[in-house]
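Please open the structure in your viewer and keep the selection tool at hand.

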Amino acid sequence: MTDVLTDTAVVTHYINGALVESTSGRTAPVYDPALGVQTKQVALADEAEIAAAIAAAKAAFPAWRDTSLTRRQQIMFAFRELLAARRGELAEILTAEHGKVLSDAAGEITRGLEVVEFVCGFPHLIKGDYSENVSTGIDVYSTRGPLGVVGMISPFNFPAMVPLWFFPVAIAAGNTVVLKPSEKDPSAANWLAALFTEAGLPDGVLNVLHGDKVAVDGLLNSPDVKAISFVGSTPIARYVYETATRNGKRVQALGGAKNHMLVLPDADLDLVADAAVNAGFGSAGERCMAISVVVAVEPVADELIEKIQSRVAGLVVGDGRRACDMGPLVTEVHRDKVASYIDIATADGASVVIDGRDVVVDGAPDGFWLGPTLIDKVSTSSKVYTDEIFGPVLSIVRVASYEEGVDLINASPYGNGTAIFTNDGGAARRFQNEVEVGMIGINVPIPVPVSYYSFGGFKDSIFGDSKAYGIDGFQFYTRQKAITSRWLDPSHGGINLGFPQN
Ligand code: NAD
């Protein structure tokens, strides 16, 4: 399957259970970031292709909605088994198009697989309620049914995990899907859709539409698309939310982040340094839950920086197919943008402790490389602090107290993830209560919730009321009917124009 889906010159749409050649005449390049060369193109959908994908999902909806829960569950179990058995193939696709190292790609798939495993028990989560005899001979009960066609738009940084946050939940609940993956690493979505077909999913239930803003706008503006799940940067998340809600859709739009790690003076600095390096530089910092700012409550900063430096010195940056710790950035343009913050830091008076531009790599010379970068004494007015850099750039901000640190975190427009490192349980508990962030780690640097909790931040990191997966996911993709029922008997007759009451 890998050959069929990924080794073609043009990655094209997957509609109605099969690849469909694009006729739009528009494509975008797909690179192997570790080699720094274009390996494929991806089709960019036009209006006719958008309409075809939505029409396929719409046509598949009635039969899928009426497919028994048992049958849907069997297909989900089969998908789970195939995904678990063949995750290695998918990891290779992720590394070849995103650049993250193979072990990290495998980790991403495992977290997506956990959602599929959670979803396998979905009948329990869409059960209704029943109240007998609410009035004499009258029962009231509720059901949870699907919405119809759901549009999903995903970012480049988790080409497998983010789609897996959404489509298994929506499909289990009886919806049909049009998924628009990132054009930077599009093949994983096709691979997942073909695997689901192999597991027995009927054609048209999961369609993959490749494209750019044209495809996104097509989903946002189609009256046949009833809900939108989006993950990406904050400006686009805001745009998606505003446009789709104006069009009467249900929307969850998860945006960008700037995650702080608060280090109290009593913390174990060796563990803190390990965590900062792992969470700052894993996946080259291209994670929405990456730590990008270490807020060091003095006097720990100098000692912590030394410990981080010694750990970074041992990291191997290179081709993710080799035994490296960190891969390249996703594109040359993104690498150059991330690297430009190092000059901004110097101009703004910060101190560049480790300059990632000097990195020696275990990989091809033209790869989109930037090594781990550590910047101390970052001013909170600098763009290094205020922008989401989304690369391997870790800032240190020094503060005098816990209160100053929490105030700083709460002043951020973002509220995705945060962490506190301390051995003081009271301080950790206070932090959990006071910090205005959706996902909190206590001595855990990347607190991505497990699949039976839900994923989502606060403030500009999410637009809409529903988080991803977990119970929130099923609530988002279903709507409730309340049914009041009376089976007629002669005693129920008579005229009464008053409002129904007990
Ligand atoms: P992006 O916003 O550039 O793109 C996301 C999706 O939107 C892609 O499918 C893209 O094709 C589409 N898109 C891009 N520009 C558009 C436009 N003008 N109009 C309509 N659609 C458009 O994000 P990205 O660079 O792919 O991903 C990185 C971003 O995603 C970071 O900001 C990161 O924090 C965020 N992210 C957030 C979460 C979360 O759960 N909060 C998770 C992963 C990534």
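In which loop is Phe390 found? Select Phe390 in this predicted model: the residue is found in the loop between helix 12 (383-386) and strand 19 (393-399). Its phi is near 60°, a positive value in a residue other than glycine. Most residues other than glycine have a negative phi. Phe390 has 25 other C-beta atoms within 10 Å, and it therefore counts as buried.

Next, select Asn16, in the loop between strand 2 (13-15) and strand 3 (18-20). Phi is positive here too, near 55°.

Move on to Glu298 and Pro299, and display the backbone. The peptide bond from Glu298 to Pro299 is cis, with omega near 20°. Most peptide bonds are trans. Pro299 lies in the loop that runs between strand 14 (291-297) and helix 10 (301-313).

Select Val177 and Val240, which touch the most other members of the largest nonpolar core, a set of 90 residues. Helix 5 (residues 161-172) gives the most to this core, namely 10 residues. Apart from this core lies another, of 66 residues, including Leu329, Val378, Tyr385 and Ile420.

Return to Val240 and show its surroundings. Which residues are in contact with Val240, leaving aside its neighbours within four places in sequence? They are Ile153, Leu220, Ile228, Phe230, Val251 and Ala253.

The next stop is the ligand. It is surrounded by 27 residues, and the closest are Pro155, Gly232, Ser233, Gly256 and Cys288. By class, this shell has 12 nonpolar, 10 polar and 5 charged residues. Colour domain 1 (2-255 + 461-482) and domain 2 (259-442) separately: both give residues to the shell, so the ligand lies between them.

Finally, display the whole protein. Its secondary structure comes to 15 helices and 25 strands. The radius of gyration is 25 Å, close to the 23 Å that the globule rule gives for 502 residues, so the protein is as compact as a globular protein of that length. The C-alpha trace spans about 85 × 55 × 40 Å along its principal axes. Of the 502 residues, 52% count as buried. Among contacts with a separation of 6 or more, 71% are between residues 24 or more positions apart.

Conventions: Residues numbered from 1 in each chain as written. Predicted model: local features only at pLDDT ≥ 70, side-chain atom pairs only at ≥ 80, totals over all residues. Near = placed C-beta within 6 Å. Nonpolar A, V, L, I, M, F, W, Y, C, P; charged D, E, K, R; others polar. Domains from an automatic or database assignment. Helix = DSSP H or I, 4+ residues; strand = E, 2+ residues; numbered from the N terminus. Rg over C-alpha atoms; globule rule 2.2 N^0.38 Å. Buried ≥ 20, exposed ≤ 12 C-beta atoms within 10 Å, placed from the backbone. Contact = placed C-beta atoms within 7 Å. Core = buried A, V, L, I, M, F, W, Y, C linked by C-beta atoms within 7 Å.
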